[in-house]
Amino acid sequence: MKKILVIGAHPDDCDIYAGGCAALWSDRGDQVSFISMTNGNAGHHREPPDKLEKRRREEAERAADVLKVSYEILDHDDGCLVPSLENRLDLIRRVRKFAPDLILTHRPNDYHPDHRYTSTLVQDAAYMVTVPLVCPEVPHLESNPVIAYLFDEFTRPAPFRADVTVDIDSVAKRKWRALDCHESQFYEWLAYNMRPGTDNVPTRADERLLWLQNTWSEFLERPAESCRQRLIETYGSAHGAEVTFAEAFELSEFGSQPGEEELRTLFPRQNPGED
Ligand SMILES: [Zn+2]
């Protein structure tokens with residue numbers, strides 16, 4: 001049994017970038033914990049922050065049920081996360097208490113300050129989780145967990161490097177259902193802010209899910225398209241070429257460095273015969 005800790009900035013990031021793997025991990029008996037570093041209370045165009053925070057906690061709980069993970073929303077205001085010493089020490093304690101084999105988080109160069117500082121906090125906590133005299137009230141870890149970054153398309157200072165790709169087609173429906181739980185985001189805020197406007201968002205639940213898939217498929221297909229070569233190396237040319245939805249990860253130099261064999265046990269669907 002592996003323990004996987006996904007640390008995102010907002011109460012939907014973990015689902016968007018690792019929801020498929022989370023479903024595969026929980027199905028194989030691993031323990032998956034999502035942390036959202038902020039409470040998501042700024043992500044709306046008309047909802048007041050206190051009401052939005054409550055909604056987002058409830059939405060995350062529903063998504064957690066779908067993916068069979070635990071979901072913790074920390075109490076930092078959305079858009080206001082800072083890589084302070086206090087926040088670093090808090091994260092060190094949380095990582096030690098869960099003792100993950102693997103941590104996933106954003107890359108450090110990302111458009112959103114909360115994503116950047118989430119990544120910074122994880123990087124700052126990385127080695128320190130093994131240092132006994134830092135936060136001595138919580139027992140230190142014997143070894144640094146493996147740390148990997150979630151997929152993005154930023155190219156400076158370096159484009160994303162797909163060290164691991166996971167075919168999530170078999171659980172794509174569950175990932176869509178998890179995203180569907182984040183109503184205030186996909187059907188309200190992101191529709192208003194990014195695409196394609198709120199005018200045509202259906203009100204019926206079944207129509208909404210279809211609308212979500214139609215609107216966001218292109219975005220969720222990008223990891224497979226952009227990391228196709230790695231998918232082919234992992235799954236062979238026929239299977240690798242056919243994957244529609246994948247999740248991809250770049251290993252961090254600040255975590256422990258896994259060998260090929262360890263990578264195949266940490267991440268789902270890396271071994272022949274798992275299909
Ligand atoms: Zn986010």
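1. Two strands pair if DSSP finds at least two bridges between them. Helices (H or I, at least four residues) and strands (E, at least two) are DSSP runs, numbered from the N terminus. With that in hand, T38 stands opposite H76 in β3. This is a predicted model: local features need pLDDT of at least 70, side-chain atom pairs count only at pLDDT 80 or more, and totals for chains, interfaces and linings use all residues. Residues are numbered from 1 along each chain as its sequence is written.

2. Start with strand pairing. Strands β2 and β3 (residues 70-76) are parallel and share 5 bridges. On the β1 side, β1 (residues 3-8) and β2 also run parallel, joined by 6 bridges. There, G8 has S36 of β2 as its bridge partner.

3. A crossover is right-handed if, with the strands pointing away from the viewer, the path from the first strand over the helix to the second runs clockwise. Helix α1 (residues 13-27) sits between β1 and β2 in a right-handed β-α-β unit. From β2 the chain passes through helix α2 (residues 49-67) to β3, again as a right-handed β-α-β crossover.

4. On burial: a residue is buried if 20 or more other C-beta atoms lie within 10 Å of its own, exposed if 12 or fewer, and partly exposed in between; C-beta atoms are placed from the backbone. Strand β2 (residues 31-38) has 6 of its 8 residues buried, so the rest of the structure largely encloses β2.

5. Finally, D90. This residue lies in helix α3 (residues 85-98). D90 counts as partly exposed because 17 C-beta neighbours fall inside 10 Å. Its C-alpha atom is separated by 17 Å from that of N144, 54 residues apart along the chain.
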